[in-house]
Amino acid sequence: MTRPWLNVLVKVVPVPLGLLLSGGLVWGATNADWSGTSSNSGNTWSAGSLGLANDSTVPMFRIDDMRPGDRGSNCIRIKSNADFPTALKLYSNSPNWPSNFQSFINLKIEVGSGGTFGNCNGFTAHKTAFDGTLDQFIALYTDFRTGVGPWTLPGKPPNSLSFRFAWEFSRSAPNSSQSVDTNEASFTWEAREEK
């Protein structure tokens, strides 16, 4: 005589028993080897910058009604925010001028420390960067490659240099220079990473 409960047992028991045995095998397999981890997170890369600024708010010079022998000066401070050494140069990207009137404006540029825009008190010259005429500077120093310098900015405070511009209207300026204006002159400082 067949026992129905045995038939049911034979059909039902293997399923849970199989699950129990496979779970035991998986548990044994995953815990058979010990493991450990160590991590280092929060890594980022941030690019530096090489920005230049100066302390001027207006042009260094707006001279009217000059007469032979007139002179003046102004200082300007150039500051870099780079945290690595840079080479600083000075040039003018003004267009070539058609007349020679600018040849009667003598220009001396010194580089040093101290002084601020509009106030050269405390300026100490370290070196003469240029001593000639305004038209010579405009014609000769036109970009970074041909610029005056370089001067090293170390990439750590004090990361600035001061410049003193001194001009004089030549006593030999001819009568034809009366009521003549120069074109606008611009002075550009550029810094590049030192290689």
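## What counts as a core

A nonpolar core is a set of buried Ala, Val, Leu, Ile, Met, Phe, Trp, Tyr and Cys residues joined through side-chain atoms within 4.5 Å. Buried here means under 20% relative accessible area, exposed means over 50%, and partly exposed covers what lies in between, with a 1.4 Å probe and protein chains only. Keep these two in mind as we walk through the model.

## The model and its confidence

This is a predicted model, in which local features need pLDDT of at least 70 and side-chain atom pairs count only at pLDDT 80 or more, while totals for chains, interfaces and linings use all residues. Residues are numbered from 1 along each chain as its sequence is written, and side-chain values use heavy atoms, with hydrogens and water left out.

The average pLDDT (the predictor's confidence in each residue, from 0 to 100) is 81 for the chain, and 77% of the residues score at least 70. Confidence is lowest in helix α1 (residues 4-12), with a mean of 52, and highest in strand β5 (residues 124-133), at 95. Where pLDDT is low, the predicted coordinates should not be read in detail.

## Overall layout

The chain has three helices and eight strands, taken as DSSP runs numbered from the N terminus (helices are H or I with at least four residues, strands E with at least two). Starting at the N terminus, their order is α-α-β-β-β-β-β-α-β-β-β.

Of the 195 residues, 28% are buried. A contact means heavy atoms within 4.5 Å; among contacts between residues at least 6 apart in sequence, 81% join residues at least 24 apart. The chain exposes about 13300 Å², with carbon and sulfur atoms supplying 53% of that area, as computed by the Shrake-Rupley method with a 1.4 Å probe.

## The largest nonpolar core

Which residues touch the most other members of the largest nonpolar core? They are L88, I109, W151, F163, F165, F187 and W189, out of 28 residues in that core. At least two core residues come from each of β2 (71-80), β3 (86-91), β4 (105-113), β5, α3 (134-140), β6 (148-153), β7 (160-169) and β8 (188-193). Strand β7 gives the most, with five residues.

Leaving aside neighbours within four places in sequence, W189 is in contact with L52, M60, I76, I78, L88, K89, L90, F163 and F165.

## A buried asparagine

N74 lies in strand β2 and is buried, at 7% relative accessible area. The side chain of N74 reaches the backbone oxygen of M60 at 3.1 Å. Setting aside neighbours within four places in sequence, the contacts of N74 include M60, F117, C120, F163 and F165.

## Salt bridges

How many salt bridges does the structure hold? There are three, each a side-chain nitrogen of Lys or Arg within 4 Å of a carboxyl oxygen of Asp or Glu. R71 pairs with E168, the closest N and O atoms being 3.0 Å apart. Because R71 lies in strand β2 and E168 in strand β7, this pair ties together parts that are 97 residues apart in sequence. R71 counts as exposed, at 59% relative accessibility.

E110 forms a salt bridge with R164, with the closest N and O atoms 2.9 Å apart. E110 is in strand β4 and R164 in strand β7, so the pair ties together parts that are 54 residues apart in sequence. E110 is buried at 11% relative accessibility, whereas R164 is partly exposed at 23%. E190 and R192 form a salt bridge too, with the closest N and O atoms 2.9 Å apart; E190 is partly exposed at 21%, and R192 is partly exposed at 43%.

Conventions. Polar contact = N/O pair within 3.5 Å; in protein donor to acceptor, adjacent residues only side chain to side chain.
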